[in-house]
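Please open the model in your viewer and follow the selections below in order.

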Amino acid sequence: MPADAPPKADSSPAGPSVAVRVRGLTKHFGRGDQLVKALDGVDLDLYSGQMSLIVGPSGCGKTTLLSVIAGILDADEGEVAVFDEAITKMGDRAKTRFRARRIGFVFQQYNLLPALTAAENASIPLVIAGWKKGPAVAKASEVLASIGMAKKVGSLPSQLSGGQMQRVAIARALVHDPQLLVCDEPTAALDHETGLTVMELLRESAVRSDRAVVVVTHDNRVFHFGDRIAHMDDGRVDKVEDRAPDRSAA
Amino acid sequence: MSWIAIKMLVGDRAKFLGIVIGLTFAAALITQQGSIFCGLMLRTCALISDVTGADLWVMDPGVRFVDDVKPMLESNLDRVRGVNGVKWAVPLYKGNGRAKLTFDPGDIKAATYPPDVLRREREGPPRSPSPSNVFTKGLDLFAPASGDFSTPPPRWYDPAEVNVVESVILLGVDDSSMVGAPPGGPVIGPGERGRMWVGTLEDLRRPESIVIDRVGLRKLFPGCHLEEPFADPPESDEAYVARLRAFLRSAPEIEMNDRRAVIVGVCEATRSFQSSPVVYTLYSRAKRFMPMERKMLTFILAQTADDEGGKKLPPEIVAERIRRATGLGAWTSENFTYRTIKYYLIYTGIPINFGITVFLGFLVGTAIAGQTFYNFTIENIKQFGSLKAMGASNGRIVAMILLQAAVVGAIGYGIGVGLSTLFGFKTLDRWGNPTELAYFTPWQLLPITAAAIVFICVLASLVSVQRVVRLEPAVVFRS
């Protein structure tokens, strides 16, 4: 652990199991004079059955931390275990397979394929998992219907509003029933009201006892949705707040 | 994931069309220029392909191609006939004759033009004495101020221009067997098809008679209503043949070597590289139509005999025997064709000229298709990043890109080759004969074009693939 990092261990009480365990995570970008320490010895535990928020000012390392947790960015030092699987020790192939099976993604800019309909977009994780197009799209349509998008399954992204696109992205993230859902600024491209709706949707449809939801945001108007909030600054986790009733009681 | 790849590809129609157009352009240009090149090469061998019935061509050993005339002594004919395995051998004269045109256009016009057309021509305004087109006008801009650079008018409109001399390809076929002459049946109409439009080969036995090819006839007698069937109003083949017959009834004649030659028939001949009119006559007469020389025998056409078992001897073996026994050059028609084509490939700049055009087409196609395809991939980089983040392996992403390249390649190839073929068909006349533009698409050209398109697609996709493979999926979290 770096000397300048706060030695604060994440003292979580007994209860829900640890979904994501981060220890001594360090990540640098650039070289020489241009070297930037994006993560500086981060320790953090995130739990299943909760919506965890990683918050902080721009450039504090939130998205870098989320990327490493999601297995799409390699750390320089430290360990990350997701549901007891050490993702930082996996090879590229294993990590790719792990992401396909266990992780769902919600992106700030939705990242929907413009040529595919809502249902087709939502079916992509299933297709990656090897499903045929027909059953995959049918399953995706069901998920879309469950989040109030039944009438839009055949619409192209260009025919949808920002909120609707983010709903499709959430359906895409949930369609293959992942254990970990990572969301990067899901409300950043939305107006306040739509952002709240999306967060409510995430809480209602994504949070489950066997699933952890991690949301990176700097939008303090949605902080109240978080069960656990990790405050980051300058590449470190400064403070962790537990807001879940059961966790406060514990 | 293939359907996702296809939908991504066709989803951006402008880009998709751009890539397809680039590949179409490359495929069309390669096929079209290749076909014109092959067509030209075939024209160099027109005489060889037009001579039917003989297996072997015997010639002076120094002859390199079919138009390379090196006359031999007549005695060589008997030497060839004496070689074991030769069933028969006949002489063939080939030379570049000079036809002096002695016709009176007025007579021919009166014989061939419909009366109403003739009246309209006479009453109508005179045509420009100096025909021009956009190219000649452009050229005139650079011409010096003084001097007369006008193109000579067609002879029809200027009687003072008659009695000019035209170069012709003179072919003298064996007097008795007429081996070397075009197949004798009519081109159109019932019965066995031949290559005679008007008249028969037997007409060549008439004194001073010659048969001229249809296209050459039109060149020798411009403005004499000998054009191909009129499109407006549509003219039937029969009416066209009737026009040719009417022309022959006016007893047209030319002079060669100060001897009168009467046109008694019109035949179809494969267009030659020189595009000169082809004049058929008997061997003995052909020699009189040319200035006398000690050596006049140009080629010997031979047929191989059967072996003892009644099986035809292979022409290659008999050719080898002739070469050994006589010291002459002896080749099968096929070998002589290849020798001729090889000569043009080696000693003329034609392959280089066409090669440059084909290479340019290849380069431009590669640039357009490659650049557009690369742009397409780069613009979709975030989408590919999302797929990678969601667990799509590099192999699957590469497969998607290769599939996209294969699809645009197949479409571009299909359209390009289709357009080129359509172009080729449009260059044919109504009987399927090549016109001024030499155009022949051998099947070998199609896989060559396909290979070029595959190369372009692979090149374009490789550039894109390496970019996507190196892409960190974390790019998806950068807004």
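Begin by selecting B:Trp57, which counts as buried because its relative accessibility is 0%, where buried means under 20% relative accessible area with a 1.4 Å probe and protein chains only. The model is a predicted one, in which local features need pLDDT of at least 70, side-chain atom pairs count only at pLDDT 80 or more, and totals for chains, interfaces and linings use all residues. Residues are numbered from 1 along each chain as its sequence is written, chains are lettered from A in the order in which they are written, and side-chain values use heavy atoms, with hydrogens and water left out.

B:Trp57 belongs to strand β1 (residues 56-59) of chain B and B:Phe299 to strand β9 (residues 299-304) of chain B, 242 residues apart, strands being DSSP runs of E with at least two residues and helices runs of H or I with at least four.

Next, select B:Phe65 and B:Tyr343, a stacked pair with 3.9 Å from centre to centre and 15 degrees between the planes. B:Phe65 is buried at 11% relative accessibility, and B:Tyr343 is buried with a relative accessible area of 15%. Extending the selection to B:Tyr344 and B:Tyr347 shows a cluster that ring pairs link together with B:Phe65 and B:Tyr343.

How values were computed
Buried < 20%, exposed > 50% of the residue type's maximum accessible area, 1.4 Å probe, protein only. Phe/Tyr/Trp six-rings, centres within 6.5 Å; stacked < 30°, edge-to-face > 60°.
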